Amino acid sequence: MQQQPKHQQHDVIIIGAGAAGLMCAISAGQRQRGVLVLDHARKAGNKIMVSGGGRCNFTNYYVEPNRYLSRNPHFCKSALSRYTQWDFIALVDKHGLPYHEKEEGQLFSDNKSKAILDMMLQEVADAGARLRLKTDVQQITPLPDTAAPYRYQLTVEQNGLKETLHCQSLVIASGGLSMPTMGASGFGYQVAEQFGLTVLPRSAALVPFTLQPEEKELTEPLSGLSTPALLSCEPAKGSKNDKGKPREGMSFNGSLLFTHRGLSGPAVLQISSYWQSGDTLEIDLIPGLDLNEHLKELRQTRPKAELKTILGEHLPARLAKALCEHWFDNTTISELSNVKIEEIANKVHRWQPKISGTEGYRTAEVTLGGIDTDELSSKTMEAKKAPGLYFIGEVVDVSGHLGGFNFQWAWSSGWVAGEVV
Ligand SMILES: Cc1cc2nc3c(=O)[nH]c(=O)nc-3n(C[C@H](O)[C@H](O)[C@H](O)COP(=O)(O)OP(=O)(O)OC[C@H]3O[C@@H](n4cnc5c(N)ncnc54)[C@H](O)[C@@H]3O)c2cc1C
C-alpha cells in the first residue's frame, strides 16, 4: 500500500495574492502545474481594488525600461519584453472589459477596479490554481536533496491550525512596505535575508511631501487646489548614487495638488521617487511662460492691471490671490520696478518649498529598493543562490513611474516566473 505523505505537496506555492502573485498563478496553472496561492489578508488583490483612484490604471501604452527605477536599469527589460502591455490589454479585451486612455498612455478601467480583480480571479480559477487567504506563513525551510523534487517546507497557520506544506517551487510575491493597512509587510525581505540574498535599502516612493510649518500658511488654505506645474529635484551637493556616481537631477511636468499636510498630485508623486532628504525641490508654477518678460511688456500695455489679475490669467484665481497675500504686494503693474518684476518671476518660476519629508509608507504607492536584482535571473526571477525560490513584483528592486507601470511590472515578472516554476 502506498504511504500517504504527512504533509500537503504542491508543485508551486506562491506567497502573496496581489497583482504579481495572481499573474504567476495564472501562467503556472495554465502549464498544468499544481498551484497554491497563500495570503495573510482576508481578501486577494487589495491594492488592485484601491488602485487608480478606484479605476485601476492597469498598464500604459508606452511601457519602456526607462520608466523604471532600479540599481540595475537593464534588469526589467527581459520580463517586460516577454509579457508586454499588449498581452495584458489582450487579456482585458478577452474579458470584454471597457477601458480608456487618460493621459500619456495611461489605461484605466471604465468600471471599478474590482472588474480587473474579478478578471484575474476568474483566470486563476480557470487555470486550476487554488487560493488560501487568512493564512500566515510562519517558517520556510529548505528540504534535503532526498526530498526531491520537493525543495521547500512551509509551516503555515490558518484559524489557529498549523500545517506543513511542501513545494517544488516557492514564489515570493508579498509586495513592498507601502500601505500596511492593505496587508503590506516586510515578509519578502526577511525571506531573502534568510537565504543570504542582498536586500537594498528601501524608501517610500510615489508619495506626497509634507512641508515645514512656515510653508503651511500659504499652502494649507489652498488644500484641494490643483494646478499644472514643472517640478525639478536638484540633488544635495556632493550626493552620490549607489554606484558612487553623482546623482542626476530630474524634472516632471504635471498636476500639483495642495493638501492639508503639504503637496501631492501626479507630478509630486513622480518626483518623490527621486527626492532624498537634503535635495532641493523646485517648482515652476507657470511653466512655458517667461513671467519676467511678460510683466515688463504688460507694464507698457496694461499699466493699471493688478498683479493678482495678471497672475490669475495663468494660475487658478485662489492661488494667484494667495501668492499676492503671502509673497508679493498686490500693486498695479506700473508700480513694479525691473528688480521687483525679476523677484516675482523668480519666485513663481523657482519656488523652493521647504520640505520636511514625505508621508511615508502610510500613503506611498510603492516601495523603492528591495531585493537586489543581481541576486535574481532576469529571465526567470529565480534566486541564483536558492534554486526553486523566486521573487516577483514590488518586493524586487524595480519601481515604476506613476501611470500603470507598476502593475505592468507585477504582471510581467509574475508571468515569466509562472512560465518556469
Ligand atoms: C493606493 C495605491 C494605488 C495604486 N495605484 C496603481 C495604479 O493605478 N497603477 C499601477 O500600476 N500601480 C498602482 N499602485 C502600485 C501597485 O498597486 C503595486 O505596484 C502592485 O500592487 C504590486 O504588486 P505585488 O503583487 O508585487 O504586491 P501587492 O499588490 O502589494 O501584493 C502583495 C500581497 O502579499 C500579501 N502579503 C504580504 N505579506 C504577506 C505575508 N507575510 N504572508 C502572506 N501574504 C502576505 C499581501 O496581503 C498582498 O496581498 C498603487 C498602489 C497603491 C498603494
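**View A. The annotated segment, residues 12-29**. An unreviewed UniProt entry lists residues 12-29 as "transmembrane region"; UniProt positions follow the numbering used here, feature names are shortened, and annotations may be inferred rather than shown by experiment. The model is predicted, so local features need pLDDT of at least 70 and side-chain atom pairs pLDDT 80 or more, whereas totals for chains, interfaces and linings use all residues. Residues are numbered from 1 along each chain as its sequence is written, and side-chain values use heavy atoms, without hydrogens and water. The end C-alpha atoms of residues 12-29 lie 9 Å apart, and the span is 61% helix and 22% strand (DSSP runs: helices H or I, at least four residues; strands E, at least two; numbered from the N terminus).

**View B. The open sheet of 6 strands**. The strand order is β16-β13-β14-β15-β12-β17, with antiparallel pairing; two strands pair if DSSP finds at least two bridges between them. At the edges, β16 (280-284) and β17 (355-358) each pair on one side only.

**View C. Strands β12 and β15**. Strand β12 (residues 209-211) runs antiparallel to β15 (residues 262-264), joined by 2 bridges. The bridge partner of T210 in β15 is G262.

**View D. Domain 1 and domain 2**. The domain assignment (automatic or from a database) gives domain 1 as 8-203 + 365-418 and domain 2 as 209-358. Their centres, taken over C-alpha atoms, are separated by 39 Å. In contact (heavy atoms within 4.5 Å) are 8 residues of domain 1 and 8 residues of domain 2.
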